[in-house]
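Here is a short walk through the charged side-chain pairs of one protein. Keep the model open as you read.

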Amino acid sequence: MEKAYNFDTVSEYNAFNNHETLHPLVSVIDFSKAKERTGSRMTFGLYCIFLKEIHCGDLKYGCNYYDYDKGTLVFISPGQVIDVENKVDFYQPMGHGLVFHPDLIAGTPLAKSLDEYSFFSYNTSEALHLSEKERKIVFDCFSKIEYELSQSVDKHSKKLIASNIELFLNYCERFYDRQFITRENANRGILQKFEELLNSYFASEKPYSIGLPSVGYFADEVHLSANYFGDLVKKETGKSAQEYIQNKIIEIAKNKIFDSSKTINEIAFELGFKYPQHFSRLFKNRVGYTPNEYRNL
């Protein structure tokens, strides 16, 4: 039977990985020090970033092999569950990790901006794949945090550790931007699929049965997390996924409005709006005219 673990403190996760706890709220881990283990189900109450060592061909991204083979970063936020599957036999964990408790950053600038790092909500299949140069930067950030952990705690410790974590996350944001660019061809395929899904959605009965489509609906359809899908659309089009959906709604609405046999209310319901006034408000905001004014033009 698969083992299950809950890690709500840094010391619990350190003990699991055979590591000394130098600070109760943060740790940099070398997984090669951990004992051999089998697959397990792990629930985290911590922020965790794992640098997993891989070799080209070991893992796939969709139908394609990873384009970088020097390592991959996986981001976990409190409340997430990780399943290590297909590991029935004992194996030796490899790689490095940074784990920190939410209390570590309480009252720091990082606490206010942490939600902006959307990659903490990406699926593990949307991990960040590093070049050799990027990998060295990651290790440099880890070593700065380790240095602080080896010092006696003083009034500067929390600020310096939180600042170094923020610096590391800012680098990861840059690396993800690079990854979106290097996967431009694959991303175009996803955008094309998104456009097809939008057209088929509004050509079906789904607006009646489901209502207005959400970003999460289309993310599920292309097998991506909502955050990764939203970031991909934003990087490729300059518009948020929500704006992209609304543009499609307005485009379809304009064509429907010229069919004078339908009332504006009927058109609103056909598009999935529960309340026609919400449709009129969106149309006025985006077009500059109410639906009726646009029809009379």
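Helices (H or I, at least four residues) and strands (E, at least two) are DSSP runs, numbered from the N terminus. Residues are numbered from 1 along each chain as its sequence is written, and side-chain values use heavy atoms, leaving out hydrogens and water. This is a predicted model: local features need pLDDT of at least 70, side-chain atom pairs count only at pLDDT 80 or more, and totals for chains, interfaces and linings use all residues.

Start in helix H5, residues 184-202. Glu184 and Arg188 both sit there, four residues apart, or about one turn of the helix. They form a salt bridge (a side-chain nitrogen of Lys or Arg within 4 Å of a carboxyl oxygen of Asp or Glu). Their closest N and O atoms are 3.1 Å apart. Glu184 is partly exposed because its relative accessibility is 33%. Arg188, at 44%, is partly exposed too.

Now follow Glu195, which bridges to Lys248 with closest N and O atoms 2.6 Å apart. This pair links distant parts of the chain: Glu195 is in helix H5, Lys248 in helix H9 (residues 241-257), 53 residues apart. Glu195 has 23% relative accessibility, so it counts as partly exposed. Lys248 has 5%, so it is buried. Glu251 joins Glu195 and Lys248 in a network of salt bridges.

Move on to Glu270 and Lys262, another salt bridge, at 3.1 Å between the closest N and O atoms. Glu270 is buried at 16%, while Lys262 is partly exposed at 22%. The whole structure holds nine salt bridges.

Key: Buried means under 20% relative accessible area, exposed over 50%, partly exposed in between (1.4 Å probe, protein chains only).
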